[in-house]
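Please open the structure in your viewer and keep the selection tool at hand. The tour below moves from one selection to the next and says what is found at each stop.

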Amino acid sequence: MEYRSSNLLLRGAMRLVKSLVERCFDLITLLSEHAGAMSLGEISRRLDVPKSAAHRLLTTLCELGWAEQDADSGFYRLSLRLAIVGQRLLVATRIPDICQPILDRLANETEGLGRIAIVDTDGLTWIAHSQGARSGLIYQPELAAKVPLHMTANGKAWLATLDRDEALARAVASGLGRSELGGPRVITTKPTFSAALDETVERGWGAAIEEAEPGVAAVAATIRVGGQVVGTVSVAGPLHRFSPLIVPEVAEKVTATAQELSALWPYRIAPQQRLPVVAAASG
């Protein structure tokens, strides 16, 4: 009986720790999406936790140097420590060293904006870019970390590799159906988007013509390690450089670049480095 009670207490403590860790990362994710700082009340509301609980988490993050509180407004924001750690990890993967020259070449050959995005739990995140246009009209989008899945060539290229129900759910979560988002040709219905994914599968690459922004076209293909999609590579630019007649030629270059990146992709986990499922779950 004593052993059983101790076991129940241990499992209860583990659940509590897990809950705190999850809340902590939810808080970090929220602050990362609002770099301009947020009030305690807004953080409490967005995380759906009491102000007292949010304050305790924020106080701990501030004490550890991961967050900071503005002296004038009292609002909270992440410190640059997280960005520094993320940059160190990215450098350690050797992705910039190996992939940037390949992306530069694609951008120069197409005179467009080349970009690489990696797959994460939330979708796609931009990690590298290269501007190939040197004169004339140059496409320079707003800086944003996350890729809007439903209106970009990158989003279509990746979503086309997923189960269709999951792909449509992710598209809706990214804004599919909201007519106020995107360019003049943005897709707004599930059936039309599903048909676009079918077309993407058939061609082997994704395209977005004035879907994200007016006057802009883009082409993207997936980067694969084994059978797993790890990212996407794309090129985008003004319509006068990426007309419907030119897009297939650009797509060939993007697809070839994706294949080259797939062969050289440095961020791989050897089978012997993977934790057993049981051990990972219990740890």
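**A tour of the predicted model**

By class, the lining of the second largest pocket comprises 13 nonpolar, three polar and five charged residues, and this, like everything else on the tour, is read from a predicted model. The volume of this second largest pocket is about 460 Å³. To find its middle, select Arg 115, Tyr 139, Pro 148, Ala 212 and Glu 213, which are the closest to the centre among the 21 residues that line the pocket.

Next, select helix α5 (residues 95-110) together with helix α9 (residues 247-264), whose axes lie 10 Å apart and pack at an angle of about 170 degrees. Angles over 145 degrees count as roughly antiparallel, and α5 and α9 are therefore roughly antiparallel to each other. On the α5 side, show Ile 98, Cys 99, Ile 102, Arg 105, Leu 106, Glu 109 and Thr 110, which meet Val 250, Lys 253, Val 254, Thr 257, Glu 260, Leu 261 and Leu 264 of α9. This contact of α5 with α9 has eight nonpolar, two polar and four charged residues.

Now move to helix α2 (residues 40-47) and helix α3 (residues 51-64), where the axes come within 9 Å and cross at roughly 110 degrees, so that α2 and α3 are roughly perpendicular to each other. Here Leu 40, Gly 41, Ile 43 and Ser 44 of α2 make the contact with Lys 51, Ala 54, His 55 and Leu 58 of α3. Sorted by class, the residues of this contact are four nonpolar, three polar and one charged.

Finally, colour the chain by pLDDT, which averages 84, with 86% of the residues scoring at least 70. Over residues 269-283, however, the pLDDT is below 50, and this stretch has four contacts in the model beyond near neighbours in sequence. Where pLDDT is low, the predicted coordinates should not be read in detail.

How values were computed:
Residues numbered from 1 in each chain as written. Predicted model: local features only at pLDDT ≥ 70, side-chain atom pairs only at ≥ 80, totals over all residues. Heavy atoms only, no water. Axes fitted to C-alpha atoms, helices over the stretch in contact; angles between N-to-C directions. Helix = DSSP H or I, 4+ residues; strand = E, 2+ residues; numbered from the N terminus. Parallel < 35°, antiparallel > 145°, perpendicular 65-115°, else oblique. Contact = heavy atoms within 4.5 Å. Nonpolar A, V, L, I, M, F, W, Y, C, P; charged D, E, K, R; others polar. 1 Å grid on protein atoms, 1.4 Å probe; cavity = no way out; pocket = protein on both sides within 12 Å on 5 of 7 lines; lining within 4 Å. Points joined across faces, edges and corners; volume = space filled by probe spheres on them. pLDDT = per-residue confidence, 0-100.
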